[in-house]
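Here is a friendly briefing to read alongside the structure. Keep the viewer open and follow the residues as they come up.

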Amino acid sequence: MIKTDVVIVGAGPTGLFCAHQLGIIGLKCEIVDNLDKIGGQCIELYPDKPIYDIPAVPECTGEELTNNLIEQIRPFNFNFHLNDRVNKLSSENEEWIVKTTNGKEFHSPNVVIAGGVGSFEPRKFPTKSAEKFDGTSVLYSIKDKTIFKDKSVAIFGGGDSALDWAIELSNTSKVSLIHRRDEFRGAPASVQKIKELSEKNIINLFTKYSIKDVKGNRFLEEVEIKSEEGESKILKADYVLGFFGLIMQLGPIAEWGLNLDKKAIPVNTENFETNKKGIFAIGDICTYPGKLKLILSGFHEGALAARGCFKYARPNEKYRFEFTTASNTIKDRLGVK
Amino acid sequence: MAKIKYIEHNGKEHEIELLNGFSVMEGAIQNDIPGIDADCGGGMSCATCHVYVKEDWYDKLPKKEMGEDDMLDQAYQPKKNSRLSCQLIVSDQLDGLVVYMPEKQV
């Protein structure tokens, strides 16, 4: 169990700057993110795309912005819990208890949801029948490649993950690669390699096909694929792998009893608190009249939410507004003289 | 200016007039037409504004730019007539365009 002043959900720019503001006013926080790296959409969707509307920064990429924010909060030594996702929320003695998928438990008077448009999760097969085998023989990521040895594996997708795994697994497994069109978006060298392996009949390549059904009783046995024209083929398969990139989903937060307006959480613009006391929402995930989905708005929202958290984290102290240029207390917190 | 018709997966139709320069995605968002999520806001970085273009319209539209098909690979049930609506920019030539929303975006 980890006790803290604030749990921040989401390590995108908004969550990071909120953490900075918490550090400045002397509060502790723990930051949880479903991705394996810090930066949120800035890192996952557009690390190389230039951003032109960060105040006082004429141009920077998503990656540069993230690195600068990490640098900015370094003095506070906050903990990151990556590759983990907040799951259950409950309350006890005026405190929120947040449990994660990996079994961590946080106790805190405040939770700040800075979750963007939701957590990034693998896009799954549209076929209902695939759900039955989800996690056992229908997989969207590979943790242990040895399970595929001497098995038939059907891989769907046209990007680097699909191509790299098709090449890798073709050494020890019977691999079929299925893609909805005959162009691939993977690295040219991988595409070339796939074509070679296909010509040597090491890989069975099916382009302009997509999944129709998976079949099997206790174990997966076959996968049925169909062409645009409706022609279908049956492939033997012990495992079916899908690599269709990531989608963003609100996930378990939707079950927390918060008011929702479409996929966003309405907040009070004085402190960005939701309909639940001590639960705040900032950045793309919050909504209010006039809301702009800009990073700069997320920074503002994070600064106000941090002050909102102070009240519950230090009920017996009076919050004091100070400037970083003038306050010795803040300079101590930042470790500067 | 162009009249664009959006047809939800359940068959419900919405017809709006859009000024040139706006995207078909923006038309849906601004008019609260359900069925288009547009999570990334038009950056061609997600695939949640995916639509099927009415067959006879597909060849009349400006061709896909680099990257659009790559994102469509990641859409929910892409077909031959799939497009990202954020990449369909309204002009007079698009007057009468009909797009169908997929069953879901994610």
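A:F120 counts as buried, because it has 22 C-beta neighbours inside 10 Å. This residue belongs to a predicted model, and A:F120 sits in strand β11 (residues 119–122) of chain A.

**Around A:F120**

- Setting aside residues up to four places away in sequence, A:F120 touches A:N34, A:L35, A:E44, A:L246 and A:M248.
- A:Q249 is 129 residues from A:F120 in sequence, yet their C-alpha atoms are 6.5 Å apart in space.

**Chain A as a whole**

- Chain A holds 7 helices and 23 strands.
- Its C-alpha atoms fill a box of roughly 70 × 45 × 40 Å along the principal axes.
- Of the 337 residues in chain A, 42% are buried.
- Among the contacts in chain A with a separation of 6 or more, 59% are between residues 24 or more positions apart.

- A:L16 is buried, since 29 other C-beta atoms lie within 10 Å.
- Leaving out residues up to four places away in sequence, A:L16 touches A:A11, A:L69, A:I70 and A:I73.
- A:L16 and A:F299 are 283 residues apart along the chain, and their C-alpha atoms are separated by 8.9 Å.
- α1(A) packs with helix α3 (residues 62–73) of chain A at an angle of about 20°, and the two axes are 9 Å apart.
- α1(A) and α3(A) are therefore roughly parallel to each other, and their crossing is left-handed.
- On the α1(A) side, the residues that meet α3(A) are A:P13, A:L16, A:F17, A:A19, A:H20 and A:G23. Facing them in α3(A) are A:L65, A:T66, A:L69, A:I70, A:Q72 and A:I73.
- By class, this contact of α1(A) with α3(A) has 8 nonpolar residues, 4 polar and no charged.

- How many of the 10 residues of α4(A) are buried? The count is 7 of the 10, so α4(A) is largely enclosed by the rest of the structure.
- The buried residues of α4(A) are A:S161, A:A162, A:L163, A:W165, A:A166, A:I167 and A:L169.
- These buried residues pack against β13 (152–156), β14 (174–179), α5, β15 (203–207) and β19 (239–242) of chain A.
- Helix α4 (residues 160–169) and helix α5 (residues 188–199) of chain A have axes that come within 10 Å and cross at roughly 45°.
- α4(A) and α5(A) are therefore oblique to each other, and α4(A) passes α5(A) in a left-handed crossing.
- From α4(A), the contact uses A:D160, A:L163, A:D164, A:A166 and A:I167. From α5(A), it uses A:S190, A:V191, A:K193, A:I194 and A:L197.
- The contact of α4(A) with α5(A) divides into 6 nonpolar, 1 polar and 3 charged residues.

**A strand pair in chain A**

- Strand β16 (residues 209–216) and strand β17 (residues 220–227) of chain A run antiparallel and are joined by 7 bridges.
- The hairpin from β16(A) to β17(A) goes through 3 residues.
- For a spot to look at, A:V214 has A:V223 in β17(A) as its bridge partner.

**The sheet in chain B**

- Chain B has an open sheet of 5 strands in the order β2-β1-β5-β3-β4, with mixed pairing.
- The edges are taken by β2 (13–18) and β4 (82–84) of chain B, each with a single partner strand, so one side of each has no neighbour in the sheet.
- On average, neighbouring strands of this sheet are turned by 35° against each other, direction ignored.
- Strand β3 (residues 50–53) of chain B pairs with β4(B) in the antiparallel sense over 3 bridges.
- In this part of chain B, B:H50 stands opposite B:L84 in β4(B).

**Where the two chains meet**

- How many residues of chain B are in contact with chain A? There are 15, and they meet 18 residues of chain A.
- The side of chain B that touches chain A has 4 nonpolar, 5 polar and 6 charged residues.

Technical notes
Residues are numbered from 1 along each chain as its sequence is written. Chains are lettered from A and ligands numbered from 1 in the order in which they are written. This is a predicted model: local features need pLDDT of at least 70, side-chain atom pairs count only at pLDDT 80 or more; totals for chains, interfaces and linings use all residues. Two residues are in contact if their C-beta atoms, placed from the backbone, lie within 7 Å. Ala, Val, Leu, Ile, Met, Phe, Trp, Tyr, Cys and Pro count as nonpolar, Asp, Glu, Lys and Arg as charged, and the others, Gly among them, as polar. Helices (H or I, at least four residues) and strands (E, at least two) are DSSP runs, numbered from the N terminus. A residue is buried if 20 or more other C-beta atoms lie within 10 Å of its own, exposed if 12 or fewer, and partly exposed in between; C-beta atoms are placed from the backbone. Two strands pair if DSSP finds at least two bridges between them. Axes are lines fitted to C-alpha atoms, for helices over the stretch in contact, and angles run from 0 to 180 degrees between N-to-C directions. Angles under 35 degrees count as roughly parallel, over 145 as roughly antiparallel, 65 to 115 as roughly perpendicular and the rest as oblique. A crossing is left-handed if the near helix is turned anticlockwise from the far one by less than a right angle, and right-handed if clockwise.
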